[in-house]
Amino acid sequence: TDASNAIQQRLQAMNSEHETLREVAPEPYSCDASAGAFFLFTSNVDAHSFDHFDACEVRECHGNTELWQCSRPCRKEIWRAPLDFGFSVDLATMEASEVCRPPLALYFDSLDGGLDPSEKETSSDADVQADGSIPCVGHVQRSERINMLRGWPVFGLQESRHGFDSLNRPVCRHCGHPARPAILMFADFNWVDNQAQAKRFQRWLQAVMEEAKSRDRCTEPLKVCIVEIGAGKNVPTVRRTSEKCADKFQKAHAHCTLVRINPDFPEIDGRAPPGQQFLSFRMSGLECLQKLHTA
């Protein structure tokens, strides 16, 4: 659409201006494309967003479990885990002891639906789940992730192998201390955020507001819709971000609608700015989206 193209052009211009101001810490993945009419802001840490959205249009405000960092941390850097990485848990004791990595073929066979019978003897009983597969990225019991991490740039098998030689004891690739998932936990002062991702989101917001301000607010205003799904109040980061963004878009002369879908707390937390539309749906996310789709 015209709006999407205009936003992308503004983003590309911003990125060119900031080309010489790249982050000191390298990005965990390359991202050269620019978002357009869509952007996903999420507090989920499972990285499932990349199954359906491109890396350039995702902001994970609490990180994701496929990215790792030094637990100290010795530096502000995060990196991707190999796709075959997983934990070996003894289901009898629920302990993840320090063990050697099983052959890589076992992991990739599990992605294809099961282990080769001739290779099962090389894996311990604790490694193998009831359906005969080894826990690893992309293996879910209820349904198959047919688009697993499709929006993430492809990387080689050896690209982030360093530090993951011991199955249950990943270490920092720089200092050798224990590594940890780069996700934000309570009272967590050592979390390393994905700064490049955060800047992409902020620049996209700026591009949308600039596009809104460039239009005639009476004859051709920019129409923006924020759809918030299942964001509760215990950790209200997403709810607050939705309302703050709606306020910013409205002040930039966009016609903004905030849609809140929540079975427990569908009401607005504060007051909607003058002229802003607020729609409330007291139901689950999937149910609501299906009904809206068929309406």
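Student: Which residues do ring pairs link into a cluster?
Tutor: This is a predicted model, in which local features need pLDDT of at least 70, side-chain atom pairs count only at pLDDT 80 or more, and totals for chains, interfaces and linings use all residues. Residues are numbered from 1 along each chain as its sequence is written, and side-chain values use heavy atoms, with hydrogens and water left out. Rings of Phe, Tyr and Trp (its six-membered ring) pair if their centres lie within 6.5 Å, and planes under 30 degrees apart count as stacked, over 60 as edge-to-face and the rest as tilted. The cluster linked by ring pairs consists of Phe-39, Phe-41, Phe-201 and Trp-204.

Student: How many aromatic pairs does this rule give?
Tutor: A pair of aromatic rings is described by the distance of the centres and the angle of the planes. Under the rule for pairing, the count of aromatic pairs is 11.

Student: What is the angle between the planes of Phe-50 and Trp-152?
Tutor: The rings of Phe-50 and Trp-152 lie 4.8 Å apart, centre to centre, and the pair is tilted, with the planes at 35 degrees.

Student: Is Trp-152 buried or exposed, and what is its relative accessible area?
Tutor: Buried means under 20% relative accessible area, exposed over 50%, and partly exposed in between (1.4 Å probe, protein chains only). Phe-50 is buried at 0%. Trp-152 is likewise buried, and its relative accessible area is 5%.
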